Amino acid sequence: MTTAIRTTYHLIRNELIHVAVAILAVVATMIPLDALSAGTSQNCNYKATGDPVRFIPPPNGTKIRFEDVGLRAGAEQTRREIDYTSRAGAETEMEWAIHLASGHALAVRTFLGLLQTETSNGTANDFNRKLYANLWPLDSGKSVEFDLTTSSTGGAKYTSQVSMCVSRFEKISLAAGDFDAVVIDAYRQVVQGGKNLPFDEVYTRYWYVPQFGIYLQRVRAMFREKREIMKQTRRAISIGR
């Protein structure tokens, strides 16, 4: 092998290595949510910290502004701001007033921070609260599975199997500030009554921030027959009173 050929060979080889490393780095940041959750049998073998987090409702009047971005086929479809204002809190339940930039408003009740129980537009979720409550206090490695039935005033009703797993504790940096968060992965599979729904599986990752009794970042991917139809990110951009 001549010196020129040998030099060219090494240059190409090194360049290919750099390209491969770059590709792996990109792929690592683009792991789809369906690879992070394995359905109702998702692996939740994470080591407990021994310092679990209990649910504490935020002070009444806490206002969190989120930015929602919706993507289809990787292209942005929607972008909007949503205001969440805490109106009442109890040991396990919260009520939030939600205001959209369009002027529309909605009241939502949540149980233990993450699951909606009912909304002012007539949508309600029914589930075994004791089963879900076993996830609390939150610590890595804890998981739950339960059925959730959603109904609306229009008569629509469907049932999903839900699994949730606490994977880790980490710090997140958002436009609203830096926070200590608990990362929770959730998988939802529609098993009954979902024929007319646009989705049959939903993967969600929450970054739950204990001091506010709610997530401050959420990534959600919806699928129909294993094909992604929509991905949505929601991040807090400001917090006040």
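Mentor: Start with Arg65, which is partly exposed at a relative accessible area of 29%. Buried is under 20%, exposed over 50%, partly exposed in between (1.4 Å probe, protein chains only). This is a predicted model, where local features need pLDDT of at least 70, side-chain atom pairs count only at pLDDT 80 or more, and totals for chains, interfaces and linings use all residues. Numbering runs from 1 along each chain as its sequence is written, and side-chain values use heavy atoms, with hydrogens and water left out.

The partner of Arg65 is Asp83, in a salt bridge of 2.6 Å, N to O. Arg65 sits in strand β1 (residues 63-72) and Asp83 in strand β2 (residues 75-89), so the bridge ties together parts 18 residues apart in sequence. Helices (H or I, at least four residues) and strands (E, at least two) are DSSP runs, numbered from the N terminus. Asp83 is buried, with a relative accessible area of 11%. A salt bridge here is a side-chain nitrogen of Lys or Arg within 4 Å of a carboxyl oxygen of Asp or Glu. That rule gives 16 salt bridges.

Strand β1 also supplies Asp68. Its side chain meets that of Arg234 in a salt bridge (2.7 Å, N to O). Arg234 belongs to strand β12 (residues 227-240), so this pair ties together parts 166 residues apart in sequence. Both Arg234 and Asp68 are buried.

Now Glu95 and Arg109. Their side chains form a salt bridge of 2.9 Å, N to O. The pair links distant parts of the chain, with Glu95 in strand β3 (residues 93-100) and Arg109 in strand β4 (residues 105-111), 14 residues apart. Glu95 counts as buried at 18% relative accessibility. Arg109 counts as partly exposed at 26%.

Next, the rings. Phe66 forms one aromatic cluster with Tyr84, Trp96, Tyr206 and Tyr215. Rings of Phe, Tyr and Trp (its six-membered ring) pair if their centres lie within 6.5 Å; planes under 30 degrees apart are stacked, over 60 edge-to-face, the rest tilted. The structure holds 15 aromatic pairs. The ring centres of Tyr158 and Phe199 are 6.4 Å apart and their planes stand at 80 degrees, so this pair is edge-to-face. Tyr158 lies in strand β8 (residues 157-174) and Phe199 in the loop between β9 (177-192) and β10 (201-209), so the pair ties together parts 41 residues apart in sequence. Tyr158 is buried at 13% relative accessibility, and Phe199 is buried at 13%. Tyr203 and Phe223 have ring centres 5.4 Å apart and planes at 80 degrees, so they too are edge-to-face. Tyr203 is in strand β10 and Phe223 in strand β11 (residues 214-224), 20 residues apart. Tyr203 and Phe223 are both buried.
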